Amino acid sequence: DEELWLSKAVRWARELGCTRMQVVAYYVLLGAVFGITFYVLSPHLPLPLYPFESKLPALVHPLALALSHGVAARSDAGTSIRDLHAYAYDNILYVHPRLAAALVRMRHRSVFCTACERAKPARARHCTACARCVSRSDHHCAWLNNCVGRRNLRFFLLFLALHTVSLAYAATLAASALLRLLRSPHPLRNAARRNLQRGHLGAFVRAAAALVWNGTRRKLLVLLGAHVVLASTLAALLVMAARDAIARGATPSEVRKWHTVLECARAGTLRSELLKAVGGAVALRERIESAECDKSGATRRVSDTLLRQRATILDGVPGRQIRSVEEALEECSSGSGTVRFVYDRGWWLNLRELLFLR
């Protein structure tokens with residue numbers, strides 16, 4: 001009994017450390033940032049953008065951030081059967097299992113998920129941390145302890161946007177308090193002004209540095225710099241995520257794969273590269289030969305069918321006119337524009353799908 005209890009305790013500690021510590025660290029970091037911010041800003045209240053002397057109205061910020069974190073962390077990323085089969089196969093990035101039945105029987109990782117024991121749905125990826133397939137999987141966020149996918153990408157973007165706005169607001173308050181101090185009468189300010197008027201640049205720089213990097217001003221400057229860096233980082237992440245989701249209708253991994261497809265199309269090696277993506281030309285033929293195919297030419301027919309079916313590019317969403325690789329190559333080389341991502345429906349429809357899942 002004691003050994004069983006110890007094993008359960010060790011397993012619980014491992015699960016807690018692997019899956020919960022990042023969430024706990026987020027809330028600790030949120031409380032620390034909020035506490036330090038208002039510890040530095042409280043002597044300078046009220047400010048033009050915060051006309052209160054109390055800290056209670058400012059509690060709206062951490063509560064809103066914690067709420068956005070909870071919604072994004074507890075929401076489903078897109079693991080239901082309906083979400084997993086929300087997209088049709090394009091037969092370029094995601095090949096239909098019926099077109100690659102031999103690979104499905106061989107449990108090849110390009111078309112079969114060995115963890116879930118089923119054929120891979122289109123635009124789905126298996127997350128080892130969550131132990132499930134996620135539709136339109138963007139990434140696994142350690143701060144949320146949850147995958148970011150089709151259903152909760154909107155909540156993740158809201159999470160980033162609220163943090164960016166909150167940090168930018170705090171940086172604005174710090175800058176306002178710092179400007180007020182710099183404009184207030186001070187012996188160093190007068191000394192810096194006299195040195196500047198006399199042309200003593202070295203003395204002016206030393207006096208100005210002493211004026212800025214002095215006591216309370218130093219705290220405000222460090223606080224301003226930290227919030228500007230954090231807000232800029234989150235804003236960059238928000239812009240990149242929104243650009244991929246709205247402007248392209250793709251995930252970062254799909255963007256990389258699509259660029260590879262276009263580069264191969266321009267180089268004229270798309271057909272061979274599509275076969276390599278399945279497992280390599282030689283390895284694929286050897287594995288098909290060792291499967292249930294006979295020696296009467298079935299191996300060659302399966303390989304050729306797979307190449308022919310995957311060497312297509314869809315114009316817009318699945319269901320529209322299928323164009324050949326040669327036509328896509330001609331459009332790429334003509335300079336009339338780039339080939340749009342296969343699941344890209346335009347920014348307005350991409351935004352509507354992001355917000356309303358339709």
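A pocket is found on a 1 Å grid over the protein atoms alone, as an open set of points where a 1.4 Å probe fits, with protein on both sides within 12 Å along at least five of seven lines, and its lining residues have an atom within 4 Å of a point. This is a predicted model, in which local features need pLDDT of at least 70 and side-chain atom pairs count only at pLDDT 80 or more, while totals for chains, interfaces and linings use all residues. Residues are numbered from 1 along each chain as its sequence is written, and side-chain values use heavy atoms, with hydrogens and water left out.

**Largest pocket**
- The largest pocket is lined by 37 residues, and Phe-159, Leu-160, His-163, Leu-167 and Leu-234 lie nearest its centre.
- This lining divides into 26 nonpolar, seven polar and four charged residues, where Ala, Val, Leu, Ile, Met, Phe, Trp, Tyr, Cys and Pro count as nonpolar, Asp, Glu, Lys and Arg as charged, and the others, Gly among them, as polar.

- Leu-160 touches Leu-234, Leu-237 and Leu-238 (heavy atoms within 4.5 Å), not counting residues up to four places away in sequence.

**Cysteines**
- The count of disulfides (pairs of cysteine sulfur atoms within 2.5 Å) comes to zero.
- Cys-127 is in no disulfide, the nearest cysteine sulfur, that of Cys-147, being 3.1 Å away.
- Cys-127 counts as buried at 8% relative accessibility, and Cys-147 is buried with a relative accessible area of 1%.

Conventions:
Buried < 20%, exposed > 50% of the residue type's maximum accessible area, 1.4 Å probe, protein only.
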